[in-house]
Amino acid sequence: KIKATTQKGTTEALTVTNTPYPKASFLTDVEQLDILAAPRSFYMMSQSGFDTHLPQQALSNGLEVTREYQDDSGKNVSSVAQGAELNVVLRVRSTTGKNISDVAIIDLLPGGFEILRDSVRNKYNHWQSEYTDIREDRVIFYGDFGDMMTELTYKVKVTAAGRFVVPPVYAESMYDLSVKAHSQSGHVDVTAAK
């Protein structure tokens, strides 16, 4: 049995399904869960969804991260024609004065942007990625960062016209959740191909 108490103080029993193991869902207004289970039972809680409001200001707690979209001449762009290829320039550094290990850099793409997979590398100058994960809507770099600015670059192709939200790029220590950073969000305008 699982009982959930909300912020308003109401308590209700949650519906538990038992395939393949007991699980239950609850909303974000729950402040307390009471799990009645046998001794030595384990539980796990996971969260999914998306931010309803994107950050308008950058955050820097031990790390600093920025992103720019540039044309081939190195000029920053906020509007582009459909079909164009852009350079994504990520800059990451520790602001603590020492090396921070096990950092994940999560670069979410605007809708209508496609990663050119061959442009994503594991080594950039003196920095080596421990692992790189290329997905449909993001690139994730894992590695260590010191106080020298590290620049990571790759290319994207703009495949759809319209006005798109540019999500922040995130940098997070995987084992010290207080060490994190993100850029501010924005917009990019893509004009239709002629």
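Biologist: What share of the chain's residues is buried?
Modeller: Buried residues, meaning under 20% relative accessible area with a 1.4 Å probe and protein chains only, make up 34% of the 194 residues. This is a predicted model: local features need pLDDT of at least 70, side-chain atom pairs count only at pLDDT 80 or more, and totals for chains, interfaces and linings use all residues. Residues are numbered from 1 along each chain as its sequence is written, and side-chain values use heavy atoms, with hydrogens and water left out.

Biologist: How many helices and strands?
Modeller: Zero helices and 18 strands. Both are DSSP runs numbered from the N terminus: helices are H or I with at least four residues, strands E with at least two.

Biologist: Take strand 8. How many of its residues are buried?
Modeller: Seven of the nine, in residues 100-108.

Biologist: Which way do strand 8 and strand 13 run, and how many bridges join them?
Modeller: They run antiparallel, joined by seven bridges. Strands pair if DSSP finds at least two bridges between them. Strand 13 covers residues 138-145.

Biologist: Which residue there partners isoleucine 106?
Modeller: Isoleucine 140.

Biologist: And strand 16, how many bridges to strand 8?
Modeller: Five, again antiparallel, with strand 16 at residues 169-173. Glutamate 172 of strand 16 stands opposite alanine 104.

Biologist: New topic. What is the radius of gyration of the chain?
Modeller: The chain has 21 Å, whereas a compact globule of 194 residues would be near 16 Å. The radius is taken over C-alpha atoms, and the globule rule is 2.2 Å times the number of residues to the power 0.38.

Biologist: What does the C-alpha trace span along its principal axes?
Modeller: About 65 × 45 × 30 Å.

Technical notes:
Buried means under 20% relative accessible area, exposed over 50%, partly exposed in between (1.4 Å probe, protein chains only).
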